[in-house]
Amino acid sequence: MHVGEMSSLRLIARGASSLAIVVMLTTAAQAQAQVAAAAEGATTAEPVEEIVVTASRIARAGFDQPTPTTVLGEVELREGARPNIQQVLNDQPQFRPTVTPQVSNGNTSTGTAPVDRRGLGTARTLTLLNGRRFAGENNLNFVPTGLVERVEVVTGGASAAWGSGAVAGVVNIILDDDFEGVKLEGEGGVSSRGDGERYSLQGSYGTSFADGAGHFILGAEYVDDKGIFDRNSRGNLGSAAIVRVSPLSTTDLSTRLTRDVNYGNSAADGLITSGALAGQVFNRDGTLRAFRGGTPLGAGAFPAQMIGGVDGIGLYDDISVSTPFDRLSVYGRVSYEVGQATIWADATYGRSTSDARFLPDFTIPALTISATNPFLSAAIRSQLAAAGQTSFTFGRVFNDVFMMGFDTERENKEGAIGIDGEFGDSGFKYSAHYSHGEVDSDQKLENSRIAANFTRAINAASFNGAIVCAVNADAITTTDDPACRPLNPFGNGNASAEAIDYVTGTQQSLSTSKLDSIGGEIQGDLVSLWAGPLTVAVGAEARWESQKSSRNADAVAGIFGLPVFTSDLSGKFNVKEAFAEVALPVIDSEGSLKVDLNGAARYSDYSNSGGIWSWKLGGTARLWDSLLLRATRSRDIRSPSIADLFAVRRINVGPLVDQDTAGRAGRPGYSATPATVTTFSGGNPDLQPEVSKTLTIGATFSPKSVGGLAFSVDYYDIDIGGAIATLSASNLTLACARGSQPACDRVFRNATTGTVETVFSNAQNIASFSTRGVDLELSYQFEMSALMASVPGSMRVRALATYIDRFIFDTGLTRVDTAGDVGDATANSIPQWRGTLSANYQTDAVGLDLRVRYVDGGQYNRLLTTLVNNDISSRTYVDVGARYIFDERFTVFGNVNNLFDVAPPISPAGNPHYDVVGTYFTLGARVNF
């Protein structure tokens with residue numbers, strides 16, 4: 001047996017517990033069915049829908065679609081009492097929680113809610129609303145959860161059916177367009193530590209009119225999540241870091257993930273690090289005290305890091321556990337039947353805002369302070385003078401003056417019209433729609449340090465009995481900077497409001513994205529064959545996308561010490577597409593064998609890159625009406641985003657280290673370190689769509705002898721070529737030396753000497769992804785009376801699990817398999833096993849929910865071979881919920897997530913895989929009219 005095979009077996013063994021759950025559930029289901037059959041007069045449980053597969057344009061009774069689809073319904077939508085659809089999906093094993101309030105702290109994704117299936121990136125999962133694209137697809141905060149009927153999650157590639165972006169799969173959010181009545185709901189939540197308050201209100205209204213020919217629905221939802229700010233209130237968070245075990249050793253290079261790692265040369269009140277007063281910290285009244293430091297991690301009196309210390313502070317001490325946000329979403333739809341057609345129109349409004357602390361400006365270096373600075377007390381100035389000092393070095397974490405705040409508002413406005421109908425008695429159906437949507441974004445980074453102003457303000461002097469900026473301390477009538485106000489850095493909170501106004505400003509970025517989409521299709525049975533009808537679907541679609549962003553004048557001028565918004569963007573493209581799909585029945589031997597073949601193709605013509613094909617071939621075989629075998633092979637695409645294509649191109653002329661010297665070192669005039677290489681970065685209008693090849697093979701087993709039981713297993717293998725990535729100019733030469741032709745194509749050399757002259761280090765089709773694994777699903781529903789006649793109600797059990805055998809990302813320079821790497825700072829980290837097991841009991845008046853979520857452990861980062869505590873153990877979370885229904889109209893409910901307060905692993909940043917909030921309580925009420 002090969003080493004790789006042995007490794008895979010060991011990894012599969014680690015998931016034995018997940019498989020054991022499935023085996024136990026199957027055994028229990030069979031036993032319960034036998035009990036039911038033996039019980040006199042026992043009622044047969046109403047069978048749940050089989051594990052359906054809807055990744056097709058063809059809707060035909062009896063057609064077994066070959067691409068697996070997981071359906072999330074009412075139970076999954078309520079479990080965990082999540083604040084939006086994105087977080088419902090993130091609880092499912094197939095999704096990586098790449099962007100959440102717990103992960104987006106300290107970055108500008110705050111307030112967004114995209115989904116990332118398989119960990120392949122949010123841009124490679126296509127999200128639809130009622131089967132069509134919408135402008136706010138990358139932010140599910142815009143979708144009101146109260147109107148969601150179900151969510152269909154398509155496994156693997158589906159570009160032939162739905163177009164670009166469906167590389168990792170499709171998430172189709174289906175709204176309850178036929179809702180009747182009034183539903184009002186309110187809930188509140190809080191963590192066991194008394195923080196993280198969240199409040200939500202939602203309402204839905206639906207009614208028919210015109211004797212049932214028309215229908216109108218309206219839904220709205222508001223959520224206010226206060227966030228969690230104190231990282232040190234959660235175990236293993238705070239200012240953790242990877243540090244040397246023996247920092248002074250020249251032979252022991254081992255490292256350790258360590259809690260409470262702080263700056264050793266800075267303090268929140270300011271630390272003097274040189275001269276006679278070295279080791280003294282300022283009190284807020286301007287006096288001094290001894291620095292209460294911790295264990296130093298390095299040589300010298302004030303190394304960059306230390307462990308612990310009363311006066312210790314680290315960067316992440318000032319970064320939130322969970323960022324606050326509030327969102328408002330409104331959806332309305334009206335439809336009217338005319339003959340065999342239904343004409344409809346809908347409108348959506350969504351707003352997501354967040355206004356919270358971002359991070360302190362960590363780029364401020366050690367400062368040199370004049371010994372005569374008038375903000376120093378007379379006693380301190382005298383001590384410095386006595387020691388003959390004219391200045392001293394000073395380390396300060398400015399988490400008061402320069403605690404940057406991120407204030408953002410994102411707004412979605414969208415409208416659509418359409419028609420669905422049939423052509424007489426022909427059996428052919430048609431549909432068409434047009435939509436226009438816009439997303440406006442206003443992002444502000446407040447309290448940003450204005451670098452030049454800070455340099456002037458920190459250098460204070462006395463002039464005519466007043467403290468002024470040194471640039472203004474002279475006898476000349478015209479001052480150098482009349483606006484300058486001196487800043488007192490000694491002690492937290494001592495800077496004046498005027499000084500803060502002078503040294504801080506706001507970086508702002510404004511953007512607008514627009515999507516216009518039009519499409520139509522026709523489907524029906526073309527001809528009856530020996531095994532059933534040949535069904536076809538044909539259609540055409542087109543969309544126009546544009547995006548424009550701009551910055552305020554200060555950001556454009558580059559005055560900030562920590563610039564975040566560094567470029568503008570303006571671009572657009574359009575695509576015109578035609579698609580066709582066919583379902584061909586091959587064998588239909590009733591009760592014994594049924595075989596269907598399915599094929600689809602789509603041609604997409606992009607205005608920027610030309611035409612490209614995507615396709616899918618698949619087939620199913622149903623045996624004895626109980627066992628369904630299925631397989632698909634597809635070619636899928638992801639077109640470049642507007643940012644990939646049109647981000648402002650920058651030109652830099654400077655030195656470069658050429659790492660591809662083979663055959664050139666001896667040439668006359670060749671230089672391995674040319675000083676004037678022209679490097680282009682930014683967007684790349686020549687990008688081509690990424691191309692993915694996906695294989696899925698699976699089976700669903702629904703035995704007739706056990707009504708309500710279904711089990712499925714599906715293998716997937718996804719390979720994405722030409723993935724869009726960016727390498728530095730020097731790394732492009734190294735990638736070329738290692739055989740990457742796309743990298744070589746971006747490096748231009750002098751024809752005579754071979755010296756690099758120009759490099760295009762902008763976005764390139766240079767990378768690749770490769771992942772494969774297995775999805776498991778089991779569901780069973782039965783009446784409790786089948787076990788004991790006197791027990792009312794029904795029980796539903798469902799288990800979902802995903803095993804990832806490999807996840808390889810090749811940048812063109814490095815190739816790393818991160819399946820089983822679960823560290824928070826590890827790029828593309830993803831657990832090998834994730835699973836959920838839920839049991840739901842329901843009577844006419846009482847409902848009880850139990851859910852167990854399993855997240856596998858692994859290594860923090862397998863490339864960190866010196867990390868002595870690289871292994872991270874798995875986590876299992878238990879969630880419980882209960883409901884009580886009064887006279888079918890009024891319901892009260894409660895939920896507890898992470899019942900046993902399972903702590904996350906040591907996490908320097910925000911770990912996407914493990915719960916960092918802890919035990920969380922939710923209580924609410926719902927009324928229906």
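A nonpolar core is a set of buried Ala, Val, Leu, Ile, Met, Phe, Trp, Tyr and Cys residues joined through side-chain atoms within 4.5 Å, where buried means under 20% relative accessible area with a 1.4 Å probe and protein chains only. The model is predicted, so local features need pLDDT of at least 70 and side-chain atom pairs count only at pLDDT 80 or more, whereas totals for chains, interfaces and linings use all residues. Residues are numbered from 1 along each chain as its sequence is written, and side-chain values use heavy atoms, with hydrogens and water left out.

**Nonpolar cores**
- The largest nonpolar core has 29 residues, and those touching the most other members are Leu-120, Ile-720, Leu-732, Val-759, Ile-766, Phe-769 and Phe-807.
- Two or more residues of this core come from each of strands S33 (709-725), S35 (756-760), S36 (764-783) and S37 (794-810) and from helix H11 (729-737), these elements being DSSP runs numbered from the N terminus (helices H or I, at least four residues; strands E, at least two).
- A second, separate core of 26 residues includes Ile-369, Leu-376, Phe-392 and Phe-398.

**Arg-602**
- Arg-602, located in strand S27 (residues 593-606), counts as buried because its relative accessibility is 0%.
- A polar atom of the Arg-602 side chain lies 2.7 Å from the backbone oxygen of Ala-161.

**An open sheet**
- Three strands in the order S10-S15-S14 form an open sheet with antiparallel pairing, two strands being paired if DSSP finds at least two bridges between them.
- Strands S10 (261-263) and S14 (295-296) stand at the edges, each with a single partner strand, so one side of each has no neighbour in the sheet.
- Two bridges join S14 to S15 (residues 305-307), and Thr-295 stands opposite Ile-307 in S15.

Notes: Buried means under 20% relative accessible area, exposed over 50%, partly exposed in between (1.4 Å probe, protein chains only). A polar contact is a pair of N or O atoms within 3.5 Å; within protein, one must be able to donate a hydrogen and the other to accept it, and residues adjacent in sequence count only if both atoms are side-chain atoms.
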